[in-house]
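Please read the following report alongside the sequence and the coordinates shown here.

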Amino acid sequence: MDERRFTAMRRRLLESLEGCRELQDSDIYQRIDELILETGAEHYIPLSEKVSLRQELFNSLRRLDILQELIDDDSVTEIMVNGTDGIYIERGGRLSLWSKCFHTKERLEDIAQQIVGRCNRIVNESVPIVDARLENGARVNIVMPPVALNGPIITIRRFPDHPILMEQLIRWGTITQEAAEFLELLVRAGYNTFISGGTGSGKTTFMNALSNYIPKDERIITIEDNAELQLQGVSNLVRMEARNANAEGEKEISIRDLIRSSLRMRPDRILVGEVRGSEAIDLLQALNTGHDGSISTGHANSPRDMLSRLETMVLMGMEIPLQAVRRQIASGIDVIVHVGRMRDKTRKVLQILELTGYDRASGEIQTQTLYEFEEEGEDGCQRVTGTLRRINPLRNRQKLERAGISLED
């Protein structure tokens, strides 16, 4: 059915439902069936088209319109709606143009409002950029006109319905069995771990997998912009999510607010989904005040770049000498795990770096590489091959000793 006829039917459906309250899905399906019968009496509609039309009309009202088909497809990991220009999807790490698209901005704007409305958020010309999430945990970013010239722009990143465990990452070649067992010991012993990597490198996935090594009898508090972490088997778990300001620019609850509040909630470990700005100073203060075993992530091209970015982010929140910042980083973070996305679209742990201290003479944070990915070339299928090789033994073992864990060299 052409877009004009579908739009007319959708408008008639909305008019017939106007004024009705607390409608069940079955009530909407019944009205859709009646509408299709009425339309079929005027214009011939093949049976196969009636079936698809029934679902499309329902999705346009109660779900995410044509996007619902992609949301329900487990093979789709990212959905990028470029206004009415087209919809791009990611499958298996590769982008392609989808066969369907939104023909009107009004229909697309309805979906945007539906998404943010479920999260008690607002998006309009005054607040044109917003982050939200779907019921299945998928992360959503929406940019509206006038900021988006060909908007509305909707980007949805889907996460697996079932959390990916470290065993799966080992099978995929993301990390070696040896390195995974090494990180397990560090997590159990309470080493503060920071995961760095570029966009789409798998930081959140790796953090989820790593967090499963945390002892189940500990009290864990997760803090995120949008709730994405999927911790399993933890009964004493507190999940907190930041809140954007309202239309008047008030009542914002930031990551900084949540970290400060979490310190009064008797946490054993604090997991911050991603550090982007001045909240870095609050995280470092938490790491330096007895909350061992905490984990966080951040965007960077390498572990050394991550250290530089952390310095910058701390200085955004507080004017203190750079030497003091570096001391806090060196004493607060024990290990940085850097993940990356390779040419063949696979994701791998590229480096595990230990922070060994702060050198007063040079004023630099001292580090050593524990593991590093060494590429062995490409095979005929252009796949990146290599292994995560051990470079140096762990130097700081005090936390392992306190936890009664032995580490074999």
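Predicted model: local features only at pLDDT ≥ 70, side-chain atom pairs only at ≥ 80, totals over all residues.

## One face of helix 9

Helix 9, which spans residues 255-262, has as its buried residues I255, R256, L258, I259 and S262. Viewed down the axis of helix 9, these buried residues fall within an arc of 165 degrees, and they therefore line one face of the helix.

The partners against which the buried residues of helix 9 pack include both strands and helices: strand 8 (220-224), strand 9 (237-241) and strand 10 (269-272), together with helix 10 (279-287) and helix 11 (303-317).

## The pairing of helix 2 with helix 3

Two packed helices are described by the angle between their axes and the distance between the axes. For helix 2 (residues 25-42) and helix 3 (residues 47-62), the packing angle is about 135 degrees and the axes lie 10 Å apart. Helix 2 and helix 3 are therefore oblique to each other, and their crossing is right-handed.

On the helix 2 side, the contact is made by D25, I28, Y29, I32, D33 and I36, which meet K50, L53, R54, Q55, L57, F58, L61 and R62 of helix 3.

Leaving aside residues up to four places away in sequence, K348 touches G173, T174, H338, V339, G340, M342, F373 and V384. Between K348 and R383 there are 35 residues of separation in sequence and a C-alpha to C-alpha distance of 12 Å.

## Cis peptide bonds and positive phi angles

Most residues other than glycine have a negative phi, and most peptide bonds are trans. Against that background, P145 and P146 are joined by a cis peptide bond with omega about 10 degrees, and the bond from G151 to P152 is also cis, with omega near 0 degrees. P146 lies in the loop between strand 5 (139-143) and strand 6 (153-157), and P152 is likewise found in the loop between strand 5 and strand 6.

R266, although not a glycine, has a positive phi of about 55 degrees; R266 sits in the loop between helix 9 and strand 10 and counts as exposed, at 57% relative accessibility. K345, again not a glycine, has a positive phi of about 75 degrees. K345 is located in the loop between strand 12 (335-341) and strand 13, where K345 is partly exposed, with a relative accessible area of 30%.

Note on methods:
Residues numbered from 1 in each chain as written. Heavy atoms only, no water. Buried < 20%, exposed > 50% of the residue type's maximum accessible area, 1.4 Å probe, protein only. Helix = DSSP H or I, 4+ residues; strand = E, 2+ residues; numbered from the N terminus. Arc of directions from axis to C-beta. Contact = heavy atoms within 4.5 Å. Axes fitted to C-alpha atoms, helices over the stretch in contact; angles between N-to-C directions. Parallel < 35°, antiparallel > 145°, perpendicular 65-115°, else oblique. Left-handed = near helix turned anticlockwise from the far one by under 90°.
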